[in-house]
Amino acid sequence: MKQEIIIAGFGGQGVLSMGKILAYAALMDNLEVTWMPSYGPEQRGGTANVTVVLSDQPISSPIVDTFDVAVILNQQSLDKFEHAVRPGGILIFDPYGIHRMPQRTDIRIIPVKAMDTTIEMGNAKSYNMILLGALIKAAPSVSVDDVLKGLKKVLPERHHHLLPANEKALLRGMELVD
Amino acid sequence: MSKEVRLMKGNEAIAHAAILYGVDGYFGYPITPQSEVLETLEAEMPWNTTGMVVLQAESEVASINMVYGGAATGKAVMTSSSSPGISLMQEGISYLAASELPALIVNVMRGGPGLGTIHPSQSDYFQATRGGGHGDYHLIVLAPASVQEMADFVALGFDLAFKYRTPSMILADGVVGQMMEKVVLPEPRPRRTEQQIAEQCPWAATGHSAGRKPNVVTSLELDSALMEKNNERFQETYRLIERNEVRYEAYHTDDAEYLIVAFGSIARICLKAIEDAREKGVKVGLIRPITLWPFPYDAIREASKHVKGILVVELNAGQMIEDVRLAVADPNMKIRHFGRMGGIVPNPSEITTALNLIMTNE
């Protein structure tokens, strides 16, 4: 088993955190994992992306050209990474703010209205957890339990009261994928 | 207990490994992409547990001179920075080498020259392997390719620095500093006692009661004849290090028709390209120098004997390739360079393209 995943969007959308939770979930599952971020000097804004490789074998390169799964959160990232999804791969994207829809026909394209859902749930900070839920439903490499354990590791203890809200968002995200 | 597998960034691994090694002092100044070293040390607050000093100095120049002061007393001291900051430290590093002081310097390289970018680079290879500051000296230069090696090379760097009384450097790049992967941290060891330091470092300025000859730690020697003697002693040490401490890793070199030489994280991207090439039946091998100084000249010469061409892949305009040419010493051998600069990291397919070029071009 090997899964090469890119998560890409604006800085501040929780791109790197989402990758981090996924990476910790893989750690919980005893998988090999690399998490490689790429971002500018900005704390917020600018583009940010992270490559997460999960495998049951040692991982050579943390940097890859093509991906099994792409999670896309803005137009620039869609333009940049749509072509980098391997034939037969999965592209998850939030249509919010997207004016040019993905064109590929040789991959599975899954729109996930994460922004609308956060508004509906009244919790803007759950945005990336909704998408992570969609990701693990569409491409099940790690279990919900491992994600929740991973989240507990990533989240500082003073924020652990937020775990139930995050779990709710994760499960809601899973429901958004058939 | 510490056999626990953890997930962390290379920079964080350096900080944890320093505490566990029993480092006495860290002095540094923040700079991307290595700021997590100082941040992690400050979050861990080792001054409450091991008594390790962690100090954010006012500049890189101050940091390296604090390292000099600590090292002169026989303490295990270190600093870390990224390319522009390491340039600022060069005077101090030259003084450390000339005063035969052990210390660990970590450079998590970013794209240069100048302030450049905050993204990964390997363009400080010349600076690191040729000394960097003024005068005839070398640092022992270790090039980690994984978060595990970031952790392991803290101990190795200090052990070698104390063994040979010379500063050593971990020459990492922004990839291995910023990426997270699994790591098993080393077993903790207590910091040395004052008495242990006095015994291990009889040259150190440890303070003494009447009777012992004072130890003077200085790089200044105005008598040229004596300064030449000092230089001869340094060179003897360097020859010893060259004989004893060359480290490298070889992958698939036994049957290789083409050889890639690459160090640090880029070697792993090359490995991916090699896996792809081998799936297509093209036999490519890799030598990854782990010590950039002393450089594995013999290993590369040996591996080059059976290959049709060598590709050197670096995040720079072509620096280590000079050492590869020196190693091979064959004007008929096809040695090509592929590099990206300024903070751009190539993906495996770019390396495949460069490999194809060397296979088809004369």
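Trainee: Which residue of S4(B) stands opposite Tyr26(B)?

Mentor: In this predicted model, Tyr26(B) has Met78(B) of S4(B) standing opposite. The two strands concerned, S2(B) and S4(B), run parallel and are joined by two bridges.

Trainee: How many bridges join S4(B) to S5(B), and do these strands run parallel or antiparallel?

Mentor: Four bridges join S4(B) to S5(B), and the two run parallel; within this pairing, Ser81(B) stands opposite Asn107(B) of S5(B).

Trainee: Why can S4(B) be called largely enclosed by the rest of the structure?

Mentor: The reasoning starts from a cut-off, which is that a residue is buried if 20 or more other C-beta atoms lie within 10 Å of its own. Five of the five residues of S4(B) are buried, so the strand is largely enclosed by the rest of the structure.

Trainee: In what order do the seven strands of the open sheet in chain B lie?

Mentor: The order is S3-S2-S4-S5-S7-S6-S12, and the pairing in this open sheet is mixed. Strands S3 (53–56) and S12 (291–293) of chain B stand at the edges with a single partner strand each, so one side of each is left without a neighbour in the sheet. On average, and with direction ignored, neighbouring strands of this sheet are turned by 20° against each other.

Trainee: Over how many bridges do S5 and S7 of chain B pair?

Mentor: Strand S5 (residues 103–109) and strand S7 (residues 167–173) of chain B pair in the parallel sense over seven bridges, and one example to find in the view is Val106(B), whose bridge partner in S7(B) is Ile170(B). Helix H7 (residues 147–164) of chain B packs on this sheet, where it touches S5, S6 (140–142) and S7 of chain B, and its direction makes about 160° with that of S7(B). Another helix, H3 (residues 60–72) of chain B, lies across S2 (25–28), S3, S4 (77–81) and S5 of chain B, running at about 165° to S4(B).

Trainee: Turning to the contact between the chains, how many residues of chain A are in contact with chain B?

Mentor: 16 residues of chain A are in contact with 18 residues of chain B. On the side of chain A that touches chain B, the elements that give two or more residues are H1 and strand S2 (32–39) of chain A, and S2(A) gives the most, with six residues. By class, this side of chain A has eleven nonpolar, three polar and two charged residues.

Trainee: Which strand of chain B is joined to S2(A)?

Mentor: Strand S8 (residues 180–184) of chain B is joined to S2(A) by two bridges, and the two strands run antiparallel; here Trp35(A) stands opposite Met180(B) of S8(B). An open sheet of eight strands with mixed pairing includes this pair, in the order S6(A)-S5(A)-S4(A)-S1(A)-S3(A)-S2(A)-S8(B)-S1(B). Its edge strands are S6 (108–111) of chain A and S1 (5–9) of chain B, each of which pairs on one side only.

Trainee: Which strands does H1(A) touch as it packs on this sheet?

Mentor: H1(A) touches S1 (2–10), S2 and S3 (47–55) of chain A together with S1 and S8 of chain B, and its direction makes about 10° with that of S3(A).

Trainee: Which residues of H3(A) are buried?

Mentor: The buried residues of helix H3 (residues 114–121) of chain A are Ala114(A), Thr117(A) and Thr118(A). Seen down the axis of H3(A), they fall within an arc of 100°, so they line one face of the helix. Their cover includes helix H4 (127–138) and helix H6 (163–175) of chain A.

Notes: Residues numbered from 1 in each chain as written. Chains lettered and ligands numbered in written order. Predicted model: local features only at pLDDT ≥ 70, side-chain atom pairs only at ≥ 80, totals over all residues. Pairing = 2+ DSSP bridges. Axes fitted to C-alpha atoms, helices over the stretch in contact; angles between N-to-C directions. Contact = placed C-beta atoms within 7 Å. Buried ≥ 20, exposed ≤ 12 C-beta atoms within 10 Å, placed from the backbone. Arc of directions from axis to C-beta. Nonpolar A, V, L, I, M, F, W, Y, C, P; charged D, E, K, R; others polar.
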